[in-house]
Amino acid sequence: ASDVYKRQDKMTDDNKKVENFVFKQLCYCDINDTYEFYCDNGKYFLKYTGMKNFAENLAEVSDFDSFNKTVLSVISPWRRKYYPDTPVCDGLVWELKIKLSNKKYFSHYEGHHKTPLNYYNLEKFLDGFFAKENVDE
């Protein structure tokens, strides 16, 4: 893990803007889905890498304020770590690393077999930025 993401600061009204994040979901140690949010020359982008059949893997986020508000509202109740009560490591492994716009690294969330109750709300929200690929039959 990168030292860059080790610092965790309290979220305040002054730093409630996501500058970038990486959200990874792995299964059996293979990266299945990765979502990367970042800013480039004043424009915001969401990049997807994985096994879903999207027509494009890069989407521009035109309404940053709405995007930011939704992401922060989904993750606000999350704890930092979710682990099972039994030592099983053969399924879903996930992590979310977020950097806030004040240049401080705010959060690193992770889990093995366990997720927050609204975990899939984040995935569904991010998937909404990508059009499904048309498959001719």
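**Salt bridges and nonpolar core of the predicted model**

E123 forms a salt bridge with K52, with the closest N and O atoms 2.6 Å apart. A salt bridge here is a side-chain nitrogen of Lys or Arg within 4 Å of a carboxyl oxygen of Asp or Glu. The pair joins distant parts of the chain: E123 sits in helix α2, K52 in the loop between β3 and β4, 71 residues apart. Helices (H or I, at least four residues) and strands (E, at least two) are DSSP runs, numbered from the N terminus.

The model is predicted; local features need pLDDT of at least 70, side-chain atom pairs count only at pLDDT 80 or more, and totals for chains, interfaces and linings use all residues. Residues are numbered from 1 along each chain as its sequence is written, and side-chain values use heavy atoms, without hydrogens and water.

K52 also meets D127 in a salt bridge (2.6 Å, N to O). D127 lies in helix α2, so this pair ties together parts 75 residues apart in sequence. E123 is buried, at 11% relative accessible area. D127 is buried at 16%, whereas K52 is partly exposed at 21%. Buried means under 20% relative accessible area, exposed over 50%, and partly exposed in between (1.4 Å probe, protein chains only).

The structure holds four salt bridges. One of them pairs E19 with K99, the closest N and O atoms being 3.2 Å apart. E19 is in strand β1 and K99 in strand β6, 80 residues apart. E19 counts as buried at 18% relative accessibility, and K99 counts as buried at 13%.

The largest nonpolar core has 27 residues. Such a core is a set of buried Ala, Val, Leu, Ile, Met, Phe, Trp, Tyr and Cys residues joined through side-chain atoms within 4.5 Å. F21, F23, L46, I75, W78, L96 and L122 touch the most other members. Helix α1 supplies the largest share, six residues. Contacts of L46 (heavy atoms within 4.5 Å) include F21, F37, F67, L126 and F130, residues up to four places away in sequence not being counted.

The average pLDDT, the predictor's confidence in each residue from 0 to 100, is 82, and 77% of the residues score at least 70. Residues 1-9 stay under 50. Where pLDDT is low, the predicted coordinates should not be read in detail.
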